[in-house]
Protein chains: 2
Amino acid sequence: MRHLIGIISLKTLVLANVDEKIENIMHDDPIFVYTNDDQEEIAEVFKKYDLLALPVVDNEKRLVGIITIDDIIDVIEEENTEDFYKMAAVTPSNDEYISTGVYSLAKKRVLWLLVLMLSATFTGYIIRRFENALTAYVALAAFIPMLMNTGGNAGAQSSTIVIRSIVLGEISFRDIFKVLWKEFRVSIEVGIALTGLNFLRIYYMEGYGLAIALTVSTTLFLTVVIAKSIGGTLPIIAKKINLDPTIMASPLITTIVDAVALFIYFYFATLFLNIPA
Amino acid sequence: MRHLIGIISLKTLVLANVDEKIENIMHDDPIFVYTNDDQEEIAEVFKKYDLLALPVVDNEKRLVGIITIDDIIDVIEEENTEDFYKMAAVTPSNDEYISTGVYSLAKKRVLWLLVLMLSATFTGYIIRRFENALTAYVALAAFIPMLMNTGGNAGAQSSTIVIRSIVLGEISFRDIFKVLWKEFRVSIEVGIALTGLNFLRIYYMEGYGLAIALTVSTTLFLTVVIAKSIGGTLPIIAKKINLDPTIMASPLITTIVDAVALFIYFYFATLFLNIPA
């Protein structure tokens, strides 16, 4: 048999009356975990109930061991390390960096770099599609890094915050519209600040024409708004369809936002600068 | 008085002989923390010694309380959340996202976005500096997103791994050359894979001329190598000069690498395409 029927702390035991029966002072509906439970789920149980130790049972509910909280701290740090890695497009690993071989490190990085490189290639096609605009106004090229970077950063901020909130159990799918509405309003405020400063710089300080200043400003504002909406919702959607939300972090969001930013940019350029598309 | 002179576990106490004196069975050189110690440092002590509780003393070493490990788990998760935020260019916060106001969220994001936007503006100046090259070969513009993205991602991978290793105490300043040498070799392997695939695509599949294919490939390879060197070492240097290594994460590294990538790109473009700089 050896079934788990209850737990008792040493403190309760020591303070109990000498002739008290164990069954009267034990917790008879103890929290326990199975031998084949995932260590991440067990860490969640520890966090949820503020426990110091948990009994472990096999499939027939026979007690086979205990897990103590000091092991769980290592698990929590491992899980965090994995999240940091995944969010930087690195295949997760818990080997110490300094003792891992070069080939093994390269293998964990090259796949995602290839995928993202090919995605960014499609962003390049947007530029080729609007080569007319660029030929007519080569000055447009100078704003591409700023637009891509700011869009990517704005989106990465949102996705990182939302991913972390999902991991900590603070956000679930039913919050998606609340998040979208919140990110929308945040992006309006942030967008106004960024666009305002940028317009001043381009139009007044650097003396570009109004058409270029308006093209860049409109793009910047819309990009920030769209970036934050995409960054805030894609991790939630990923989680909902049983994908790991951490893949919707900075690298992938940046690639998506870059394409959006460049498309908006050249769309408004052809509009404001009267260039035949 | 009330000085901390030793600790004893309940288990030791229960199992001890009934007429044993406490001073003979206690640990008389206990680990302890001060009331004004930083919670992050205390979490480190718990992790290092696998403790369940720690005595807390005031400045006169009088015992004033204990900290138990279940509180420390919350501290560890808070510290990780802060690192995630900082590495995504968000001012750290431990308020739950869903209950934080829009203005407060916007304020935590706008400052870094402004700083990074202005930095990216300087990257734009590199493009203006080489406007001749772009005017002569407008096709060059189509590769800018791919080069910027791949460089940024390659650098962000390295900086994230190194930052995490610093936080976990696995890397310190004396490892800087070991890290640099390792990142250099990793970047060679990764760079060959990325550049090879990219050359095939540009030269054979898309039919660009050899000069353009060589310009893009050389830039891609050098950018990956430099990105990984910068991403691997800047966090270590930041830590050494008492800056928070997490600021040397994806957003800032990406901005730096973008500038490097574009400079190399146009440098080789003027070289290989015979354009007067």
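Trainee: Let's start in chain B: which residue of β3(B) is the bridge partner of B:V57?
Mentor: Quick caveat: this is a predicted model, where local features need pLDDT of at least 70, side-chain atom pairs count only at pLDDT 80 or more, and totals for chains, interfaces and linings use all residues. Residues are numbered from 1 along each chain as its sequence is written, and chains are lettered from A and ligands numbered from 1 in the order in which they are written. β2(B) and β3(B) run antiparallel and are joined by five bridges. In β3(B), B:V57 has as its bridge partner B:L63.

Trainee: And which residue in the turn of that β2(B)–β3(B) hairpin has a positive phi?
Mentor: Strands here are DSSP runs of E with at least two residues, helices are runs of H or I with at least four, and both are numbered from the N terminus. β2(B) and β3(B) make a hairpin with five residues between them. The turn residue with a positive phi, about 60°, is B:K61.

Trainee: Which residue of β2(B) is the bridge partner of B:Y34?
Mentor: Strands count as paired if DSSP finds at least two bridges between them. β1(B) pairs with β2(B) (residues 53–57) in the parallel sense, over two bridges. In β2(B), the partner of B:Y34 is B:V57.

Trainee: Which strands stand at the edges of the chain B sheet?
Mentor: Three strands form an open sheet in the order β1-β2-β3 (chain B), with mixed pairing. Two of them have a single partner strand each, so one side of each is left without a neighbour in the sheet. Those edge strands of chain B are β1 (33–34) and β3 (63–68).

Trainee: Over to chain A: which residue stands opposite A:A53 in β3(A)?
Mentor: β2 (residues 53–57) and β3 (residues 63–68) of chain A pair in the antiparallel sense over five bridges. Along that pairing, A:V57 stands opposite A:L63. Opposite A:A53 stands A:T68.

Trainee: How many bridges join β1(A) to β2(A)?
Mentor: The chain A sheet is open, with three strands in the order β1-β2-β3 and mixed pairing. In β2(A), A:Y34 has A:V57 as its bridge partner. β1(A) and β2(A) run parallel, and the bridges joining them number two.

Trainee: How far apart are the end C-alpha atoms of α9(A)?
Mentor: The expected span of a helix is 1.5 Å times one less than its number of residues. α9 (residues 210–240) of chain A has 31 residues, so it should span 45 Å. That agrees with the distance between its end C-alpha atoms, which is 45 Å.

Trainee: Where in α9(A) does a kink lie?
Mentor: The bend at a residue is the angle between axes fitted to the seven residues ending there and the seven starting there. In α9(A) the kink is about 25° and comes shortly before the proline A:P235. It lies at A:T233.

Trainee: Which element gives the most to the side of chain A that touches chain B?
Mentor: Contact needs C-beta atoms, placed from the backbone, within 7 Å. On that basis 78 residues of chain A are in contact with 78 residues of chain B. Elements giving two or more residues to the chain A side include α4 (69–87), α7 (144–167) and α8 (176–205). With 16 residues, the one that gives the most is α5(A).

Trainee: How many residues on that side of chain A are nonpolar?
Mentor: Ala, Val, Leu, Ile, Met, Phe, Trp, Tyr, Cys and Pro count as nonpolar, Asp, Glu, Lys and Arg as charged, and the others, Gly among them, as polar. The side of chain A that touches chain B has 16 polar and 17 charged residues. The nonpolar residues number 45.

Trainee: What kind of axis relates the two copies?
Mentor: The copies are superposed by least squares on C-alpha atoms of residues with pLDDT of at least 70 in both. Chain A can be laid on chain B with an RMSD of 0.1 Å by a turn of 180° and a shift of 0.0 Å along the axis. The copies are thus related as by a two-fold rotation axis.

Technical notes. Contact = placed C-beta atoms within 7 Å.
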